[in-house]
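Below are my comments on the model you sent.

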Amino acid sequence: MTTNDHYLAHGPRVGIRHFTAADREEFTARARESAELHRPWLSPPADEASYDTYLRRLQEPLREGFLICEHADGRIAGYLTINNIVHGAFRCGAIGYGAFAHAAGRGLMSEGLRLVLHHAFEEMGLHRLEVNVQPANERSIALVKRAGFRLEGFSPDFLFIDGAWRDHERWAITAEMVAGKTV
C-alpha cells in the first residue's frame, strides 16, 4: 500500500506508481486470485521468482511499468507496462495491461489507463502508443475504445500466448488524440 504522495499521477479513484519489490506479495496473490479472469489472454507473475524476474525486466531502459492502485486503501487494482520504447523520431511504445479480479468491471482500469496515457505523452515525451488485443477479448477491446484508441490493423499469428500463436488486432493512440482530455 502507498500514500498519494508516492503516485506519479492520480485521478478521482486511482493513482499510478512504479512497481517495487515490496509489491511482490500483494501482486502475486492478486495474480493467482485472477487466473480465471486472465486466461487465456495473459499470465502475470504469480509467484515470487517470476515477479522478481518481471521486476528486473521493468528496470530495462526500453520498459516502464505502472501499478494502478485504489486511493481508498492502496490496493493494487491492475497494472500496465509500456514495452519496446523507442525514442528519437518514432517516440513510440507498446502497452500491455491487466486488471485484477476484485477491480474488474469497476472502471478503475479505464481511469488508470488514462493516467498512464497522460504520463507517457507529457512526462515521458512519447507520441504514440500501441496495444495488440486478441479479437475475442471483448473487455480489452472495450477498454481501449473507451480510452480513444483507433483500430489500425490485424496481425495474424502475432504473439505466442497460452501455447499457440494468436491473432491480434492492432490499436493505437497518439498524443494529439488525448491532448486536452482530462482523467
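1. Basis. This is a predicted model, in which local features need pLDDT of at least 70, side-chain atom pairs count only at pLDDT 80 or more, and totals for chains, interfaces and linings use all residues. Residues are numbered from 1 along each chain as its sequence is written, and side-chain values use heavy atoms, with hydrogens and water left out. Helices (H or I, at least four residues) and strands (E, at least two) are DSSP runs numbered from the N terminus.

2. Strand E5. Seven of the eight residues of E5 (residues 92-99) are buried, where buried means under 20% relative accessible area, exposed over 50% and partly exposed in between, with a 1.4 Å probe and protein chains only. E5 pairs with E4 in the antiparallel sense over seven bridges; two strands pair if DSSP finds at least two bridges between them. Gly78 stands opposite Ala99 of E5. The hairpin of E4 and E5 has five residues between its strands, and Gly88 takes a positive phi near 75° there.

3. Crossover. E5 also pairs with E6 (residues 128-133), here in the parallel sense and over four bridges, with Cys92 opposite Arg128. Together with helix H4 (residues 108-123), E5 and E6 make a right-handed β-α-β unit. Right-handed means that, with the strands pointing away from the viewer, the path from the first strand over the helix to the second runs clockwise.

4. Largest core. A nonpolar core is a set of buried Ala, Val, Leu, Ile, Met, Phe, Trp, Tyr and Cys residues joined through side-chain atoms within 4.5 Å. The largest one has 33 residues, of which Ile82, Ile95, Tyr97, Leu117, Leu129 and Phe149 touch the most other members. H4 gives the largest share of this core, eight residues. Beyond four places in sequence, Leu117 is in contact with Leu129, Ala147, Phe149, Ile173 and Val178; contact means heavy atoms within 4.5 Å.

5. Another core, of 13 residues, lies apart from the largest one and includes Tyr7, Leu67, Cys69 and Ile76. Cys69 counts as buried because its relative accessibility is 0%, and Cys92 is buried with a relative accessible area of 4%. The whole structure has zero disulfides, a disulfide being a pair of cysteine sulfur atoms within 2.5 Å.

6. Which residues of H3 are buried? They are Tyr51, Tyr54, Leu55 and Leu58. Seen down the axis of H3, these buried residues fall within an arc of 100°, so they line one face of the helix; the arc is that of the directions from the helix axis to the C-beta atoms. Ala49 and Arg56, on the other side of H3, are exposed. The cover over the buried residues of H3 includes H1, E3 and E4. In H1 (residues 24-33), Glu26, Phe27, Thr28, Arg30 and Ala31 are buried, and their cover includes H2, H3, E3 and E4.

7. Thr174. This residue lies in strand E8 (residues 164-174) and counts as buried because its relative accessibility is 8%. Leaving out residues up to four places away in sequence, Thr174 touches Phe121, His127, Arg128 and Arg150. Thr174 and Cys92 are 82 residues apart in sequence, and their C-alpha atoms are 9.0 Å apart in space.
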